[in-house]
Amino acid sequence: ALWRHQVNPPAGAQMVLLLGQTWAGALAFAVPALLLLALYIAALLVAGRVGGRWAVVALVAPVLFAATLLPMFPGGTQDIFHNIADGRLFWRYGENPTVVPPAAHPEDPFYPHLFGYTELPSAYGPLWYLLAGPATALAGDGLVANVLVQKAMMAAFFTAAVVLVWGTARALWPGWPGRATTAAVAVGWCPLLLWELPGNGHNDAVMLFFATAALAAAVRERWRWVFPLLALSVLVKFTTVLLGPVLLLWSLRRREVRRRD
């Protein structure tokens, strides 16, 4: 529980400290994880046969899953704490987090919660720091409030991406509602995505949302939106720039896409 840990434990993987470096601690994590994986596979097998009102469960459940993980301490990462410090660097001190590390301001009230990487600047894009501003202003200096706001933002982008995936699948296969349900379950019920995005608060959720939006625009033949949306994804994390050549070649091979677009 997040409120039980007012200070970030000094470890690379806090889960080891929180659960204990014992067989009991390992099983306390592994058994629920494997059980959730089995339930996820079962849900995928059933989802294609579900239609009508029951299909709404595929979209409502990820919201409940994300809400359940919000008060969980992000014990699988140190990144979220660095992200909070980077937002404070930009919005409170007017520094560029891509060249200035958190160690430049050891007097900052949040600095004691950082463990590792304090001498390293951030590697993310400018859009991420713009989005981090409201969270920084809202949360103040406390650990719990900052982590909670960051995780809530990631949960919002994650659930929005699930809705986009569901809507895109419906557009692709209008006569097959089961496929849209399966697509929503594949993303929104995935234990790994839930653990890393709403659970550990990784900002990949923002990158994922804009990349999904770019693909959704391509499927719906909104050609002029494809690359601007992909650019927003790249401006969070540059990994999705790899989608650029693929989308360009794909659109050039389609006769309905005007060269001007």
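**Aromatic pairs and the helices around them**

A: The count comes to eight aromatic pairs, where rings of Phe, Tyr and Trp (its six-membered ring) pair if their centres lie within 6.5 Å, and planes under 30 degrees apart count as stacked, over 60 as edge-to-face and the rest as tilted. One of these pairs is formed by phenylalanine 157 and phenylalanine 210, which is tilted, at 6.3 Å centre to centre and with 50° between the planes. This pair links distant parts of the chain, since phenylalanine 157 is in helix H6 and phenylalanine 210 in helix H9, 53 residues apart. Helices here are DSSP runs (H or I, at least four residues; strands are E, at least two), numbered from the N terminus.

This is a predicted model, in which local features need pLDDT of at least 70 and side-chain atom pairs count only at pLDDT 80 or more, while totals for chains, interfaces and linings use all residues. Residues are numbered from 1 along each chain as its sequence is written, and side-chain values use heavy atoms, with hydrogens and water left out.

The rings of phenylalanine 209 and phenylalanine 210 have centres 5.1 Å apart and planes at 70°, so that pair is edge-to-face. Phe157, Phe209 and Phe210 together form one aromatic cluster. Both phenylalanine 157 and phenylalanine 210 are buried, where buried means under 20% relative accessible area, exposed over 50% and partly exposed in between (1.4 Å probe, protein chains only). Phenylalanine 210 counts as buried because its relative accessibility is 13%.

Arginine 179 lies over the face of tryptophan 176, at 4.8 Å from the ring centre; the rule asks for NZ of Lys or CZ of Arg within 6 Å of the ring centre and within 35 degrees of the ring normal.

H8 is followed by glycine 201, with a positive phi near 70°.

Methionine 72, in the loop between H3 and H4, reaches the end of this region. Apart from neighbours within four places in sequence, methionine 72 is in contact with Leu2, Lys151, Trp195, Gly199 and Asn200, contact meaning heavy atoms within 4.5 Å. The C-alpha atoms of methionine 72 and valine 147 are separated by 9.7 Å, although 75 residues apart along the chain.

The axes of helix H4 (residues 79-93) and H6 come within 10 Å and cross at roughly 95°; axes are lines fitted to C-alpha atoms, for helices over the stretch in contact, and angles run from 0 to 180 degrees between N-to-C directions. H4 and H6 are therefore roughly perpendicular to each other, as angles under 35 degrees count as roughly parallel, over 145 as roughly antiparallel, 65 to 115 as roughly perpendicular and the rest as oblique. On the H4 side are Ile80, Phe81, Asn83, Ile84 and Arg88, which meet Leu143, Asn146, Val147, Gln150 and Lys151 in H6. The contact of H4 with H6 divides into five nonpolar, three polar and two charged residues, with Ala, Val, Leu, Ile, Met, Phe, Trp, Tyr, Cys and Pro counted as nonpolar, Asp, Glu, Lys and Arg as charged, and the others, Gly among them, as polar.

H3 and H7 make another helix contact. The axes of H3 (residues 57-69) and H7 (residues 177-188) come within 9 Å and cross at roughly 10°, which makes H3 roughly parallel to H7. Ala58, Leu59, Pro62 and Phe65 of H3 make the contact with Thr181, Ala184, Val185 and Gly188 of H7. The residues of this contact are six nonpolar, two polar and no charged.

Past H9, glutamate 221 is placed in the loop between H9 and helix H10 (223-234). Phi of glutamate 221 is near 60°, a positive value in a residue other than glycine. Most residues other than glycine have a negative phi. Glutamate 221 is partly exposed, because its relative accessible area is 43%.
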